[in-house]
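Here is a short tour of charged pairs and a nonpolar patch, written to be read with the model open beside you. Take a look at the structure, then follow along below.

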Amino acid sequence: MRIGVPREVKDGEFRVGLTPQGVRTLAAAGHALVVERGAGAGVGFDDDAYAAAGAQLCVGPDEIWDCPLVVKVKELQPTEYRRPRPGQRLFCFQHFGPEPELLDAALASGASFVAYETVGENHGSLPILAPMSAIAGRLALQVGMWCLQKQNGGSGVLLPGIAGLNPVAPGRVLILGAGNVGANALAIAHGIGAEVSVIAASERRLGPLRARYRERAEFLTGGDALAARIADADLVVGGVLTPGQLSPKLVTRAMLARMRRGSALVDVGIDQGGIAETSRPTTHSDPVYVEEGVVHYCVPNMPSACARTASLALEAAALPFAAALAADSLHAALAARPELATGVQVRAGAVTHAHLARDTRRALKRLEEMLA
């Protein structure tokens, strides 16, 4: 099969769908790889490396989108909405929930869209999303500390505090969610010496973290705990994820208004709509805004800040599934890799993922209520 790898066009997106090593692996299996010139330049993979790995290089995206299988990183951008065609397979992050126009374009294309973020959902794991969540969780503390600096609108809190003869207490970090994002955010927050509270929906999610960190962090459940802790937090990290669904709106505007001016919110779940009423997507070129006195960092493609590491991790997770999707039929691909079944969110003009279908119905109901 011919497999296309385009250059990403989303603001600040430097990751690449396949590295030269991935190209070499698929080429050795008999597939023809077509890579857009400059696709890997942002992470140090030059065109010569792709050519040496067996790829055909092309100028511009037209030839890429003639391939039966396209492997990329981010969801379609408006300039790409008309690119997919009937019978084609697109393997990347999709994030249809918060973008109705994107979903409309996917349905109109007649192509099949396989989402990184829901592959493996029914098998108890999210093997492609997991490494990106880990990177985002670790980055959340890094960008959160940056947000807290005065020149970025923050209050000037140094999260580790100062030890010694004249100590200054460390800052307070509140992490919402105990999954992959939350666990990695906790690891960094604890490592730098911040005071940390983690809130999750159930003790089941908190148990492994509680066992590991014991008295070194506070672990709580329920909405009452959030209301009680958020006012004193210097940094809130939103790491709640329900695969394929819109993020729950856990943080109200009233809650944020109770925080000290210059505190920060890093909403890792913004690619699924965000966990705060005040959250809206930003970009790497313009990453923050201030609302209710709180600095908001809501960049949907956070891992691109560490694009080389993220590209390598993403390929390691996605390559076996990309190889399966290169089969003659989608049916054969699903038979070879059953975990792909929940990744198929749109197939030949129809929504096939249960959570996406439910969110679509909810969005239509809200629209009807607004028009009534």
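Arginine 229 and glutamate 218 form a salt bridge, with their closest N and O atoms 2.6 Å apart. Since this is a predicted model, please read that distance as a computed value. Arginine 229 belongs to helix α7 (residues 223–229) and glutamate 218 to strand β9 (residues 218–221), so the pair ties together parts that are 11 residues apart in sequence. Arginine 229 is partly exposed, at 31% relative accessible area, and glutamate 218 is partly exposed too, at 26%.

How many salt bridges does the structure hold? There are 16. Another of them joins the side chains of glutamate 8 and lysine 72, at 3.2 Å from N to O. Here both partners come from loops: glutamate 8 from the one between β1 (2–5) and α1 (20–28), lysine 72 from the one between β4 (69–71) and β5 (89–92), so the contact links parts that are 64 residues apart in sequence. Are these two side chains buried or exposed? Glutamate 8 counts as buried because its relative accessibility of 9% falls under the 20% cut-off. Lysine 72 is buried as well, with a relative accessible area of 1%.

A further pair brings together the side chains of arginine 253 and glutamate 291, with 2.7 Å from N to O. Arginine 253 sits in helix α8 (residues 253–257) and glutamate 291 in strand β12 (residues 288–291), so this bridge ties parts that are 38 residues apart in sequence. Arginine 253 is partly exposed at 34% relative accessibility, whereas glutamate 291 is buried at 18%.

| Salt bridge | N to O distance |
|---|---|
| Arginine 229 – glutamate 218 | 2.6 Å |
| Glutamate 8 – lysine 72 | 3.2 Å |
| Arginine 253 – glutamate 291 | 2.7 Å |

Now for the nonpolar side of the story. Which residues make a nonpolar surface patch of about 280 Å²? They are Leu158, Ile162 and Val168.

Methods:
Residues numbered from 1 in each chain as written. Predicted model: local features only at pLDDT ≥ 70, side-chain atom pairs only at ≥ 80, totals over all residues. Heavy atoms only, no water. Patch = residues over 30% accessible without salt bridge, like charges linked within 9 Å, V, L, I, M, F, W, Y side chains within 5 Å. Areas by Shrake-Rupley, 256 points an atom, 1.4 Å probe, with all protein chains shown as cover. Salt bridge = Lys/Arg side-chain N within 4 Å of Asp/Glu carboxyl O. Helix = DSSP H or I, 4+ residues; strand = E, 2+ residues; numbered from the N terminus. Buried < 20%, exposed > 50% of the residue type's maximum accessible area, 1.4 Å probe, protein only.
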